[in-house]
Amino acid sequence: MRSAFYLSAICLLTSCSSVDYLAIETYNPAEITFPDGVGRILVVNNAVPQPEDVGCELTLFGTKQDTCHVKADSALFDACQGLGKAMADVPFFDDVLLYHDATRKDDVYYEDTKLTPEQVTALCDETGADAVISFDRLLFESKKNVVAFAEGYIAGDISVLMSGVVRSYLPGRPTPVATVYMADSLFFSESAYNQIVLDQLLPSQEEALRASGEYLGMKASPNFVPHWTKETRWFYSGIGTQWKEATAFARSEKWENAAERWKHLYENSTGWKAQAKAASNIALSYEMKSDLREAHEWASKSRDLFKKNEGEESKNTKLQTLYVEALLNRLRSDRKLNMQFGK
């Protein structure tokens with residue numbers, strides 16, 4: 001599905017060597033594919049909040065405090081809200097719903113407990129959802145440290161480590177569709193001339209947990225909806241009128257014009273290296289037009305020329321091998337996107 005890809009150059013960095021680098025955004029499928037007919041998703045909290053005195057540490061001016069307490073209840077809801085909002089911002093599902101009540105009533109916070117098939121069916125019947133995505137466990141470890149400096153100011157930082165288990169469910173199915181294990185961290189740091197100002201600038205540990213929960217939820221969304229990813233590409237430049245003209249066109253994103261020059265160089269160059277570089281550039285021009293099969297063919301020509309003449313361990317061969325693999329991944333993603341969009 002060529003129309004599924006929209007490539008845009010978001011940054012162009014020109015080196016003083018013969019290689020120009022640019023960043024592009026590629027459209028990628030969700031990691032998990034739901035069956036046809038799933039249009040309404042329900043996000044639920046099936047995790048139990050950890051006790052207030054678990055997973056928190058507070059050190060003030062070198063002395064560890066034994067009164068550290070941080071509530072995690074709201075952070076669990078924020079994780080679900082972050083996931084739901086990130087999914088709703090992508091025009092893929094018909095609707096993304098957020099279940100406001102927790103589904104578990106026990107207090108065993110460290111256990112990873114799946115929703116039962118009966119729970120999934122009941123949740124879908126109650127809300128009209130076609131599938132459920134659930135945080136089945138979410139744990140935090142936060143550390144806050146405040147130190148004083150000789151210059152008369154103080155500094156504070158908070159680090160939050162997160163680990164979670166997210167699953168997708170379908171009614172009538174005895175096992176989850178997929179399970180995603182996540183781990184990430186956030187870091188907050190501020191400085192001030194006194195404790196009062198520092199407390200105004202630095203979030204509380206509970207606020208840090210809430211921000212971390214929302215962040216982890218947002219990070220989970222590419223597993224369930226198509227998403228954009230930043231990648232790096234490059235093209236070779238060189239001396240001579242044709243090379244300079246092609247480079248100028250590429251830098252102004254006139255890929256058709258650049259490709260004409262590069263093809264002329266490929267067909268009329270007597271040296272293999274010029275052909276290899278031109279072939280790589282032609283591959284990029286096809287990729288920028290979303291013609292991934294032609295791009296892969298030309299990238300393979302470039303790689304084979306470098307491999308034949310410089311060997312497998314040369315930097316150019318390795319670079320082109322990475323490009324060929326990237327294009328193969330995009331071709332596979334293209335097929336998966338077609339399936340996810342029902343085409």
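Okay, let's start with a pair: the side chains of R251 and D20 form a salt bridge at 2.9 Å, N to O, where a salt bridge is a side-chain nitrogen of Lys or Arg within 4 Å of a carboxyl oxygen of Asp or Glu. R251 sits in helix α5 (residues 241-251) and D20 in strand β2 (residues 19-28), so this pair links distant parts of the chain, 231 residues apart. Helices (H or I, at least four residues) and strands (E, at least two) are DSSP runs, numbered from the N terminus.

Quick caveat: this is a predicted model, local features need pLDDT of at least 70, side-chain atom pairs count only at pLDDT 80 or more, and totals for chains, interfaces and linings use all residues. Residues are numbered from 1 along each chain as its sequence is written, and side-chain values use heavy atoms, with hydrogens and water left out.

Back to our pair. D20 is buried at 0% relative accessibility, while R251 is partly exposed at 39%. Buried means under 20% relative accessible area, exposed over 50%, partly exposed in between (1.4 Å probe, protein chains only).

How many salt bridges does the structure hold? There are 21. Another one joins D136 and R167 at 3.0 Å, N to O. D136 is in strand β7 (residues 131-148) and R167 in strand β8 (residues 154-169), so the pair ties together parts 31 residues apart in sequence. Both D136 and R167 are buried. Then there's a network: E231, R233, E287 and R330 are joined by salt bridges that share partners.

Last one, D95 and R40: their side chains meet in a salt bridge at 3.4 Å, N to O.
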